[in-house]
Amino acid sequence: MIPSEIQIQAKKEYCFPAVVEILLKFYGYNNMDQCTIAKELCKLTHQSSTSFIQDGLQIRPGILNRFFIEHGFSLRENYIPYTKIYDEYDFECKVKEQMEQKSFIICGYNYSWLFLKRSGSANHVSIICSVNSKAGMITLFDPGPEDYGHKEVKIDDLWYALKAAQAGIWCVQSLKDRK
C-alpha cells in the first residue's frame with residue numbers, strides 16, 4: 001500500500017505527474033511536485049502545455065528513463081505494453097512477477113471502461129498496490145483528482161480497461177535495490 005504521507009491527490013488532468021510524484025517520494029526523492037514533473041515531461045515528450053491539458057501526457061516507452069537520468073534519479077522503468085500481455089491471467093502473472101521484483105507499478109487504463117460501465121474514452125493511470133489472486137482482485141491507488149484513494153477492482157476488469165486504453169504497465173525499480 002502507499003503510505004498515507006505520500007498519498008497525493010492529482011491536480012485536474014495531472015494523474016501521470018501525480019503518480020510520478022508519489023513514485024519519487026516512495027524512493028526518497030522529495031524535491032519535485034506534480035507541476036514541475038508535468039513541465040519536465042512535456043519537454044521530453046515535446047508537448048505543449050495546451051496539448052497536455054487537452055489530451056493528457058503522451059508517455060512513450062523510455063520517456064520515464066530519460067526523465068530519471070536527466071534528474072539524477074537512480075530509477076529505471078520497464079514498460080510492458082498491452083500487446084505483450086496476452087490475457088487477464090498473463091496480466092495477473094506479470095503484475096505478481098513485478099511485485100516480487102519489488103517494482104513500483106503504474107497501470108494505464110480507460111477510466112470509463114473500468115468504473116463507468118464501459119462507455120467513454122477517459123484514459124487514466126493508477127498505482128498497483130497489491131494482488132489478491134484468490135479473490136481475483138487488485139488494489140489500486142487512484143490519484144484522482146476526484147474520488148482519489150485506494151480502490152479494489154477485479155483483475156479481469158482492469159485488464160480489459162488497460163486494453164481499451166491501448167496502454168500498459170510501467171514497472172519502476174530502484175537501481176540501488178539491484179546490487
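The following legends describe close-up views of a predicted model.

Residues are numbered from 1 along each chain as its sequence is written, and side-chain values use heavy atoms, with hydrogens and water left out.

**Figure 1. Overview of the chain and its secondary structure elements.** The chain contains 7 helices and 6 strands, where helices (H or I, at least four residues) and strands (E, at least two) are DSSP runs numbered from the N terminus. Read from the N terminus, the order of elements is α-α-α-α-β-α-β-α-β-β-β-α-β. Of the 179 residues, 50% count as buried; buried means under 20% relative accessible area, exposed over 50%, and partly exposed in between (1.4 Å probe, protein chains only). Among contacts between residues at least 6 apart in sequence, 57% join residues at least 24 apart, a contact being heavy atoms within 4.5 Å.

**Figure 2. The second largest pocket and its lining.** This pocket has a volume of about 180 Å³. Of its 12 lining residues, Phe 26, Ser 103, Phe 104, Ile 128 and Cys 129 are the closest to the centre. Strand S2 (104–110) and strand S3 (123–132) are the elements that give two or more residues to the lining, and S3 gives the most, with 3 residues. By class, the lining has 10 nonpolar, 1 polar and 1 charged residues. In this classification Ala, Val, Leu, Ile, Met, Phe, Trp, Tyr, Cys and Pro count as nonpolar, Asp, Glu, Lys and Arg as charged, and the others, Gly among them, as polar. On a 1 Å grid over the protein atoms alone, a pocket is an open set of points where a 1.4 Å probe fits, with protein on both sides within 12 Å along at least five of seven lines; lining residues have an atom within 4 Å of a point. Grid points are joined across faces, edges and corners, and the volume is the space filled by probe spheres set on the points.

Figure 3. Lys 151 belongs to strand S5 (residues 149–154) and counts as buried because its relative accessibility is 10%. Its side chain makes a polar contact with the side chain of Asp 142 at 2.6 Å. A polar contact is a pair of N or O atoms within 3.5 Å; within protein, one must be able to donate a hydrogen and the other to accept it, and residues adjacent in sequence count only if both atoms are side-chain atoms. Leaving aside residues up to four places away in sequence, Lys 151 touches Tyr 111, Phe 115, Ile 138, Thr 139, Leu 140 and Asp 142.

Figure 4. Gln 34 is found in helix H2 (residues 34–45) and is buried, with a relative accessible area of 5%. A polar atom of the Gln 34 side chain lies 3.1 Å from the backbone oxygen of Gln 9, and the side chain of Gln 34 also reaches the backbone nitrogen of Lys 11 at 2.8 Å. Beyond four places in sequence, the residues that Gln 34 touches include Ile 8, Tyr 14, Pro 17, Ala 18 and Glu 21.

Figure 5. Asn 78 lies in strand S1 (residues 75–81) and is partly exposed, with a relative accessible area of 41%. The C-alpha atoms of Asn 78 and Trp 170 are separated by 5.8 Å, although these residues are 92 apart along the chain. Asn 78 touches Gln 98, Ile 169, Trp 170 and Cys 171, not counting residues up to four places away in sequence. Pro 61, in the loop between helix H3 (49–55) and H4, is exposed at 58% relative accessibility. The C-alpha atoms of Pro 61 and Asn 78 are 8.0 Å apart, and Pro 61 touches Glu 77 and Tyr 79, again not counting residues up to four places away in sequence. In helix H4 (residues 63–70), the buried residues include Ile 63, Leu 64 and Phe 67. Gly 72, with a positive phi near 70°, follows H4.

Key
Predicted model: local features only at pLDDT ≥ 70, side-chain atom pairs only at ≥ 80, totals over all residues.
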